[in-house]
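Visitor: I would like to learn how to read a structure like this one, feature by feature. Could we go through it together?

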Amino acid sequence: MSVPAELHYTSEHEWVAVADGVATVGITAYAAEALGDIVYVDLPEVGGTVSAGDTCGEVESTKSVSDLYSPVNGEVVAVNEAAVADPEVIGTDPYGQGWLFKVEVSEEPADLLSPEQYTQLTEGEG
Amino acid sequence: MTAPNQGPALRTTPLHAVHRRAGAALVDFAGWEMPLRYTGERAEHTAVRERAGLFDLSHMGEIHVTGPQAADLLDYALVGHLSQVAVGRARYTMITAADGGVLDDLIVYRLADHDYLVVANAANAAAVLAALTERAAGFDARVEDRSADYALIAVQGPAAAAILAPLTDADLDTIKYYAGYRHTVAGRPALLARTGYTGEDGFEIFLTPGTEAPAVWAALLEAGEPHGLVPAGLSARDTLRLEAGMPLYGNELDPGTTPYDAGLGRVVKLDKPGDFVGRAALEAAAKAGPARRLVGLVARGRRPLRRGNPVLCDGREVGSVTSGAPSPTLGKPIAMAYVEAGLDSGSGAFSVDVRGRAEEVDLVDLPFYKRGR
């Protein structure tokens with residue numbers, strides 16, 4: 001399962017990339033694989049604030065509903081409308097075209113997992 | 001997301017290793033480890049609608065009812081009139097408790113005058129066996145659980161007949177819908193039936209011993225490849241039957257539901273002679289009319305409707321979703337729901353409360369999908 005080395009991760013199977021004070025968030029390939037075909041995504045509103053660990057949306061597959069958690073504190077500055085319109089891309093390209101939302105972070109996020117730690121976590125669950 | 005629980009050991013079918021090798025996502029289904037999907041459930045669903053899909057249904061229960069009074073026993077134990085079924089034909093029927101509540105929905109094949117095969121849902125197989133055994137008291141008939149001996153493979157979809165034809169000695173043109181005969185498939189003896197749970201043409205292949213299943217599965221996959229046949233899992237099977245408006249035990253049917261509630265009163269043969277288990281209660285239910293009605297819902301938006309979501313009419317709660325999923329064929333979320341009897345699409349504005357947010361829906365008659373002939 002693909003776990004890009006340049007990203008950070010959460011135990012909720014999301015990835016985070018921080019650049020210039022903006023965190024981009026998506027779900028991992030492991031999560032996408034476990035969910036199956038993704039059919040609906042509900043994302044936070046642009047301009048709203050999110051807090052690390054709080055639910056801020058939903059990802060739905062044919063069979064299940066999974067909460068989306070914000071891994072960071074800050075203001076939502078963008079959401080991936082293309083993924084809302086066609087959620088399949090979240091499964092086919094979770095680390096690229098399938099990104100979900102961007103947050104302007106007030107502080108550098110803490111408590112994120114390294115690629116090695118995340119790999120260990122998924123191997124424990126698999 | 002959470003890791004699957006490590007529960008008690010799951011039962012496996014003779015095709016388990018085949019599913020593993022194919023990379024299927026396996027899940028606990030009624031105590032069996034079964035393929036949920038192989039590649040993607042929507043592609044599998046579409047393959048069955050447009051070409052064909054191959055299903056392992058070996059978890060289903062197979063119960064043989066034999067003996068001089070086998071037909072009489074089934075007339076007494078089930079709501080259908082099984083003694084009237086011709087040899088080689090099958091019936092969709094139900095077994096109810098004395099109060100008319102559904103214990104399971106069944107397909108019963110008449111294999112010979114005194115030989116019936118009762119096919120039960122995996123989750124209910126033990127209960128059906130127990131009820132049939134108890135109801136057999138005083139009848140010259142034998143009830144025998146043969147589930148462990150059987151494997152069951154279904155090939156479903158518009159290309160099913162073309163795929164199967166070169167592998168069987170049967171003339172498929174002569175096998176009508178809901179008929180089943182002993183034939184060979186890939187050189188193995190099989191009960192070959194034109195039945196299914198997808199809304200498409202298709203066949204179910206009952207194999208004894210079940211250990212023949214991997215060879216038959218492989219032969220079907222090979223013969224089906226040029227036709228676009230793919231293995232399909234339980235996830236696709238669920239959306240296929242939902243689109244076809246077919247009830248699923250545990251969702252639309254349960255011991256608190258009569259066949260009339262589910263809109264399936266036609267399976268109850270009140271005009272058959274003699275008493276049968278549930279007769280008095282079902283006669284009363286038929287006279288009183290059902291208190292609720294099974295309907296279809298189609299969402300106007302894109303948010304999936306899910307089992308347990310309340311159904312509202314002009315804001316008032318009038319029922320509950322029993323099965324819901326995004327329909328790959330319609331491209332919209334669909335659901336089956338029980339609502340108060342008497343409600344129809346003209347009763348008001350319908351919506352479904354999906355975790356606190358009202359989603360507008362249209363109330364429609366079932367099924368959502370009917371194949372062209």
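Predicted model: local features only at pLDDT ≥ 70, side-chain atom pairs only at ≥ 80, totals over all residues.

Visitor: Into which domains is chain B divided?

Guide: A domain may be built from separate stretches of sequence. In chain B, domain 1 consists of 16-57 together with 150-243. Domain 2 covers 61-145, and domain 3 covers 291-373. Between the C-alpha centres of domain 2 of chain B and domain 3 of chain B the distance is 34 Å.

Visitor: What does UniProt list for chain B at residues 15-272?

Guide: The record, an unreviewed entry, gives "domain: GCVT N-terminal" for that span of chain B. Residues 15-272 of chain B are 24% helix and 30% strand, with end C-alpha atoms 41 Å apart. For chain A, an unreviewed UniProt entry lists "domain: Lipoyl-binding" at residues 22-104. That stretch of chain A is 20% helix and 42% strand, and its end C-alpha atoms are 4 Å apart.

Visitor: Which face of β7(A) is covered, and which is uncovered?

Guide: Here one reads the strand residue by residue. The covered face of β7(A) holds A:S66 and A:L68, while A:V65, A:D67 and A:Y69 make up the uncovered face.

Visitor: In what sense do strand β6 of chain A and β7(A) pair?

Guide: Strand β6 (residues 55-61) of chain A pairs with β7(A) in the antiparallel sense, over 5 bridges. One bridge links A:E60 to A:V65 in β7(A). The two strands, β6(A) and β7(A), form a hairpin with 3 residues between them.

Visitor: Which residues touch the most other members of the largest nonpolar core?

Guide: That core has 104 residues, and the ones touching the most other members are B:V65, B:L74, B:I153, B:V155 and B:L297. Beyond its neighbours up to four places away in sequence, B:V155 touches B:A52, B:L54, B:A160, B:I163, B:L164, B:G202, B:F203 and B:L220. Another core, of 33 residues, lies apart from it and includes A:V16, A:A29, A:I38 and A:L112.

Visitor: Which residues is B:A236 in contact with, leaving aside its neighbours within four places in sequence?

Guide: B:A236 belongs to helix α7 of chain B. Its contacts beyond those neighbours are B:R37, B:E41, B:E44, B:H45, B:V48 and B:G53. B:A236 is buried, because 31 other C-beta atoms lie within 10 Å and the cut-off for buried is 20 or more.

Visitor: Where is B:E204 found, and is B:E204 buried or exposed?

Guide: An unreviewed UniProt entry lists B:E204 under "binding site". B:E204 sits in strand β12 (residues 202-207) of chain B. With 25 other C-beta atoms within 10 Å, B:E204 is buried. Leaving aside neighbours within four places in sequence, B:E204 contacts B:L152, B:A154, B:A193, B:T195 and B:G196.

Visitor: Which residues does a cis peptide bond join?

Guide: A cis bond joins B:T208 and B:P209, with omega about -5 degrees. B:P209 lies in the loop between β12 and α6 (213-224) of chain B. Another cis bond joins B:L366 and B:P367, with omega about 0 degrees. B:P367 is in the segment after β19 (357-364) of chain B.

Visitor: What is the phi of B:A30, and what is the phi of B:Y178?

Guide: B:A30 is not a glycine, yet has a positive phi of about 55 degrees. B:A30 lies in the loop between β1 (25-29) and β2 of chain B. B:Y178, also not a glycine, has a positive phi of about 60 degrees. B:Y178 is in the loop between α5 (160-164) and β10 (180-185) of chain B. B:A30 is partly exposed, with 17 other C-beta atoms within 10 Å, and B:Y178 is partly exposed with 16.

Conventions: Residues numbered from 1 in each chain as written. Chains lettered and ligands numbered in written order. Domains from an automatic or database assignment. UniProt positions renumbered as here; feature names shortened; annotations may be inferred. Core = buried A, V, L, I, M, F, W, Y, C linked by C-beta atoms within 7 Å. Buried ≥ 20, exposed ≤ 12 C-beta atoms within 10 Å, placed from the backbone. Contact = placed C-beta atoms within 7 Å. Pairing = 2+ DSSP bridges.
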